Amino acid sequence: AVVSTQSTGKKCNIIPIIAKSDTVSKSELDTFKANIMEELRDNDVEIYTFPTDDETVAEVNKDMNEMMPFAVVGSREDVKVGETTVRGREYPWGVVEIENEQHCDFVKLREMLIRTNMEDLREVTHRKHYELYRRGKLKQMGITDDGAHPVSLQETYEQKRAEHLEELQRIENEMRQNFVNKVREKDLELKRNEKELAAKYEGLRKENNEEKKRLDEERKKLDDDLAALKKKREDLERANAEHANGQNTKSKKK
């Protein structure tokens with residue numbers, strides 16, 4: 001709780017209160033208030049203090065600062081007290097009236113917030129908390145604001161947004177151009193591979209035709225050699241036959 005309160009105190013006005021303060025006695029409440037303020041001081045928790053520089057409200061604001069944290073009681077019920085109807089909480093031992101300053105600090109807190117110090121709360125919120133927020137946001141954007149020449153957070157946001165959109169457009173154009181270049185390179189590579197395959201196919205076709213021509217020539221030569229050999233064999237057989245016939249004729253004459 002203390003850690004979250006430390007962080008919250010740098011972003012908005014904190015006014016400490018004690019809720020359901022009717023659950024403790026007056027003496028316990030005084031001790032509880034002192035312990036809370038001591039813990040807030042020990043942990044450097046920033047709380048809103050009512051201003052005392054205006055003489056018209058200085059005294060009452062000083063008293064209210066010493067009264068913190070405000071002990072309040074809440075209720076949505078209307079309770080009958082004698083002839084009067086009041087907003088409060090009814091118990092077996094009596095009624096706690098929300099707007100009775102003897103019972104709780106609700107009225108004092110309301111007066112301080114709505115009537116006495118509303119303008120100061122707004123001023124502190126703008127001058128301190130919003131200014132810290134604005135400078136923090138500008139710092140995140142890489143812009144230093146020294147306070148001498150205040151920088152508009154809205155204008156800076158619009159400028160950064162325009163720069164961001166321009167950067168996104170540039171990246172988109174660059175990605176689109178890279179995609180086109182890659183497609184073009186791939187297309188050129190495919191065409192180059194297609195030409196290489198066509199050239200390789202043509203070379204293989206020529207080699208096949210030359211090999212076929214060579215085989216046809218060798219086959220023709222072999223056919224010619226076979227035909228010559230056949231003719232030579234026939235001539236030899238004819239000569240042998242003629243020689244055999246001549247031998248038989250001579251035998252018959254004898």
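**Close-up views of a predicted model**

**View 1. Strands β3 and β4 pair in the antiparallel sense over four bridges.** Helices (H or I, at least four residues) and strands (E, at least two) are DSSP runs, numbered from the N terminus, and two strands pair if DSSP finds at least two bridges between them. Within this pairing, V79 stands opposite V86 in β4. The two strands form a hairpin with two residues between them, and G82 in the turn has a positive phi of about 65°. The model is a predicted one, in which local features need pLDDT of at least 70 and side-chain atom pairs count only at pLDDT 80 or more, while totals for chains, interfaces and linings use all residues. Residues are numbered from 1 along each chain as its sequence is written, and side-chain values use heavy atoms, with hydrogens and water left out.

**View 2. Strand β4 (residues 84-91) runs antiparallel to strand β5 (residues 94-97), and four bridges join them.** G88 has E97 in β5 as its bridge partner, and R89 stands opposite V96 in β5. In a regular strand the side chains alternate between the two faces of the sheet.

**View 3. S75 lies in the loop between β2 (70-71) and β3 (78-81).** With a relative accessible area of 18%, S75 is buried; here buried means under 20% relative accessible area, exposed over 50%, and partly exposed in between (1.4 Å probe, protein chains only). The side chain of S75 reaches the backbone nitrogen of E77 at 3.1 Å. Not counting residues up to four places away in sequence, S75 touches R87, G88, R89 and I98, where contact means heavy atoms within 4.5 Å.

**View 4. K33 is found in helix α2.** This residue, K33, is buried, with a relative accessible area of 13%. A polar contact of 3.0 Å joins the side chains of K33 and D105; such a contact is a pair of N or O atoms within 3.5 Å, and within protein one must be able to donate a hydrogen and the other to accept it, while residues adjacent in sequence count only if both atoms are side-chain atoms. When residues up to four places away in sequence are not counted, K33 touches I18, M67, P69, A71 and D105.

**View 5. T116 belongs to helix α4 (residues 106-116).** At 30% relative accessibility, T116 counts as partly exposed. Leaving aside its neighbours within four places in sequence, T116 is in contact with V57, N61 and E111. From C-alpha to C-alpha, T116 and V72 are 18 Å apart in space, and they are 44 residues apart in sequence.

**View 6. The largest pocket has a volume of about 270 Å³.** Of the twelve residues that line this pocket, the closest to its centre are V2, T5, P16, I36 and L40. The elements that give two or more residues to the lining are α1 (2-8) and α2 (26-42), and α2 gives the most, with three residues. On a 1 Å grid over the protein atoms alone, a pocket is an open set of points where a 1.4 Å probe fits, with protein on both sides within 12 Å along at least five of seven lines, and lining residues have an atom within 4 Å of a point.

Definitions and conventions
Grid points are joined across faces, edges and corners, and a volume is the space filled by probe spheres set on the points.
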